[in-house]
Every structure is written in C-alpha cells, then in structure tokens.
Amino acid sequence: MSQPIRVLVVDDDFRVAGLHRDVVASRAGFTALDPVHSLGAARQAVRAHAPDLLLVDAFLPDGDGVEFVAGVDLDAFVLSAATDAATVRRALRAGALAYLTKPFEARVLAERLDRYARMRNLLATDRPLEQEQIDRALTILHGSAEPATIARSATEQLILEGLGDDEASAAEVADRVGISRATAQRHLATLAARGQVEVRLRYGTTGRPEHRYVAARG
C-alpha cells in the first residue's frame, strides 16, 4: 500500500489555512500537516516533517512565497489572490505545478489534489518513461483536452503496460496507471472486446464474482 501524500499549507490567514487543510484532510490518500503561517515556520516544518506537497500563498508577512517555492526541491501549488500575469508567470517559472486564484471553492482544490495524486502515481516507477506516459501525466495534472482518438490510444497502451503479465482487477490497474477505476473499466472492456485482454471471474466470500483481467497471449 502506498504511503499517504503529506501536504503542508503555508498561509498567513489562519482561517483560510484551516479551510485548505480541511480540504486536504478530506481527500483519500492525503495527510494534512498542521498549517504554518510564515516562511520561517514553513522552513522549519519542511525540515521536521518532510512534506510531499506544499500549498503556498504567494505573499507572506516575512517574504515571498514564490521565491520560497523556487528554493525548495518539493512539489508545490501557489495559492494567491494575485491575478496579474507577471505573478502567475513568476510562479510557473519557480516550478509551481498549479496556480489557484483565491478565493476558490473547496471542490477546485480537491479536484486538483486528486489529479496530482494520479499524476504522482503514474510517475512512481523506476522504468524509463515513454513520451506518451509523460504527456498523459501532464494531461492528468492540468486536465488538458486531448483528441479522443489520441487519448484513447495512449490510455489503452498505458493500461496494457500496467497490466503486464499479471492478472488484475480494474481497480488494481487504475491504481498502477494513475487513472480512475471507471476509466480503467471502460478501456479494459474495449480491449476485451478486441481480444487483447481476457476476462476471468474470481468468486470471493460474498459469492459475487470479481472480474479479473489478463493480457491475451499470442
């Protein structure tokens, strides 16, 4: 089982920081660290707790949040009320994976966190990545639209690679590849209809059969 993604919120507004922490805590697979409200406290928290992801306000009482993001070797989102193009460009140059303009609805942050988790899962491999896998990871994170035929081809290839020589359920394939279970189920059904994947039934204690998938041989 993968370790939860540890997230540190850095925001000088105590109420806003608490709201963002609560969104993080509500997502499966995430752990919300205690928020901090200054860059000095953020540096201490990074050393003490080794977060995986930072949610950083662009401007803090003791310094520039964007410069802080640029100086740490960690994934980060910048959350800011600033909407000027110069600040957004600066945040992206600093390496921010997302820029969310405040105020935003909780669902906006929740969706971006879920995308981040899927992207992170897709890139959690020691194997060399194909260009399609890299493109897919970026598409997952940013929600970019792809032509349907290209997206389908890339996704099916990733599913076949994720399946490998193993027998697996749709949920297991989804976790390996970094897509939703529903998407994995849909593409596995398509691959099965083409004869590229075989479907097997495994009966559990409940008596309901579980669909298991394995790549067709030859």
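Helix α1 (residues 14-26) lies across strands β1, β2, β3 and β6 and runs at about 155 degrees to β2, where contact means heavy atoms within 4.5 Å, and where axes are lines fitted to C-alpha atoms, for helices over the stretch in contact, with angles from 0 to 180 degrees between N-to-C directions. Helices (H or I, at least four residues) and strands (E, at least two) are DSSP runs numbered from the N terminus.

The model is predicted, with local features requiring pLDDT of at least 70 and side-chain atom pairs counting only at pLDDT 80 or more, while totals for chains, interfaces and linings use all residues. Residues are numbered from 1 along each chain as its sequence is written, and side-chain values use heavy atoms, with hydrogens and water left out.

### The sheet

An open sheet is formed by 5 strands in the order β2-β1-β3-β6-β7, with parallel pairing; two strands pair if DSSP finds at least two bridges between them. Strands β2 (30-32) and β7 stand at the edges with a single partner strand each, so one side of each has no neighbour in the sheet. From one strand to the next, the twist averages 25 degrees. The table lists pairings within this sheet, each with a residue pair that stands opposite.

| Strand pair | Bridges, sense | Opposite residues |
|---|---|---|
| β1 (residues 5-10) and β2 | 3 bridges, parallel | Val-7 and Ala-32 |
| β1 and β3 | 4 bridges, parallel | Leu-8 and Leu-54 |

### Asp-57

Asp-57, found in strand β3 (residues 53-57), is buried, with a relative accessible area of 8%. Not counting residues up to four places away in sequence, Asp-57 touches Val-10, Asp-11, Asp-12, Gly-65, Leu-79, Ser-80 and Lys-102. With Lys-102, the side chain of Asp-57 makes a side-chain polar contact at 3.3 Å, that is, a pair of N or O atoms within 3.5 Å of which, within protein, one must be able to donate a hydrogen and the other to accept it, residues adjacent in sequence counting only if both atoms are side-chain atoms. The C-alpha atoms of Asp-57 and Ala-17 are separated by 9.5 Å, although the two residues are 40 residues apart along the chain.

### Nonpolar cores

A nonpolar core is a set of buried Ala, Val, Leu, Ile, Met, Phe, Trp, Tyr and Cys residues joined through side-chain atoms within 4.5 Å. Of the 38 residues in the largest such core, Leu-55, Phe-77, Leu-109, Leu-113 and Tyr-116 touch the most other members. Helix α5 (residues 106-122) gives the most to this core, with 6 residues. Apart from this core lies another, of 22 residues, among them Leu-8, Val-10, Leu-39 and Phe-68.

Notes. Buried < 20%, exposed > 50% of the residue type's maximum accessible area, 1.4 Å probe, protein only.
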